[in-house]
Amino acid sequence: MQDQPLIRLLQPEDVNALKNLTSITAKDQTLGPPNTIKNLLTPEELNKRLHPPFETIGAFSNQELLGAASLCPTPKNPLSDSSEKSFGLSLVMVTPSARGNGIGTKLIEECLSRAEQHGATEVLLEVYIPNPAKKLYESIGFKEWHTCENAYRHSEHQFHLVHMKKTLP
């Protein structure tokens, strides 16, 4: 039986571990188009994820970062009179060798808990499909609300961008 991972807020000193995790998980192209991935891998962008307003949560086993997820408040839509307070969930990633062990679920649940503590009424995310993570998001209660067909093509694969949201209690 595998030990339960330690789930904690990542700190600036975790930037190299986050960069390594991102480069490992980016290989399957489910994090987005190559230019998006390239921009995510910059030290500046990864470092931003380790400071407010971002809260990036990590899952560790034996001091190895196995997964991470970022949470950040989203700007209020100036065209809407809705009082919804939204947070965005992004960069949800788990190393291929650790997938299927509940790490993604634990990371997302921690992010949802933090969003609730901040008074959020909904959490939004985007997922490029095909991507098995979409089933994970659905199992946690995220619902599809918009799809951009043929968002990008990489090699022989065509990816669609699916926008999902979960309403919080």
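Visitor: Is Glu109 buried, partly exposed or exposed?
Guide: This is a predicted model, and in it Glu109 has a relative accessibility of 45%, so Glu109 counts as partly exposed, since that value falls between the limits of 20% for buried and 50% for exposed.

Visitor: Which helix does Glu109 lie in?
Guide: Glu109 lies in helix H4, and although Ile140 is 31 residues apart from Glu109 along the chain, their C-alpha atoms are separated by 8.1 Å.

Visitor: Okay, and which residues touch the most other members of the largest nonpolar core?
Guide: That core has 27 residues, and the ones touching the most other members are Leu89, Ile108, Val123, Tyr137 and Phe142. Among the elements that give two or more residues to this core are strand E4 (86-94), helix H4 (103-117) and helix H5 (133-140), with H4 giving the most, six residues.

Visitor: What does Tyr137 touch?
Guide: Leaving aside residues up to four places away in sequence, Tyr137 touches Val92, Ile108, Leu125, Val127, Phe142 and Met164. Another core, of eleven residues, lies apart from the largest one, and its members include Leu18, Leu50, Phe60 and Met93.

Visitor: Switching to strands, why is E2 largely enclosed by the rest of the structure?
Guide: E2 is largely enclosed because seven of its seven residues are buried, with Glu55, Ile57, Ala59 and Ser61 on one side and Thr56, Gly58 and Phe60 on the other.

Visitor: And which strands does E2 pair with?
Guide: E2 pairs in the antiparallel sense with strand E1 over four bridges and with E3, also antiparallel, over seven bridges. Ala59 in E2 stands opposite Ile7, and Ala59 also stands opposite Gly67 in E3.

Terms used: Residues are numbered from 1 along each chain as its sequence is written. This is a predicted model: local features need pLDDT of at least 70, side-chain atom pairs count only at pLDDT 80 or more; totals for chains, interfaces and linings use all residues. Side-chain values use heavy atoms; hydrogens and water are left out. A nonpolar core is a set of buried Ala, Val, Leu, Ile, Met, Phe, Trp, Tyr and Cys residues joined through side-chain atoms within 4.5 Å. Buried means under 20% relative accessible area, exposed over 50%, partly exposed in between (1.4 Å probe, protein chains only). Contact means heavy atoms within 4.5 Å. Two strands pair if DSSP finds at least two bridges between them.
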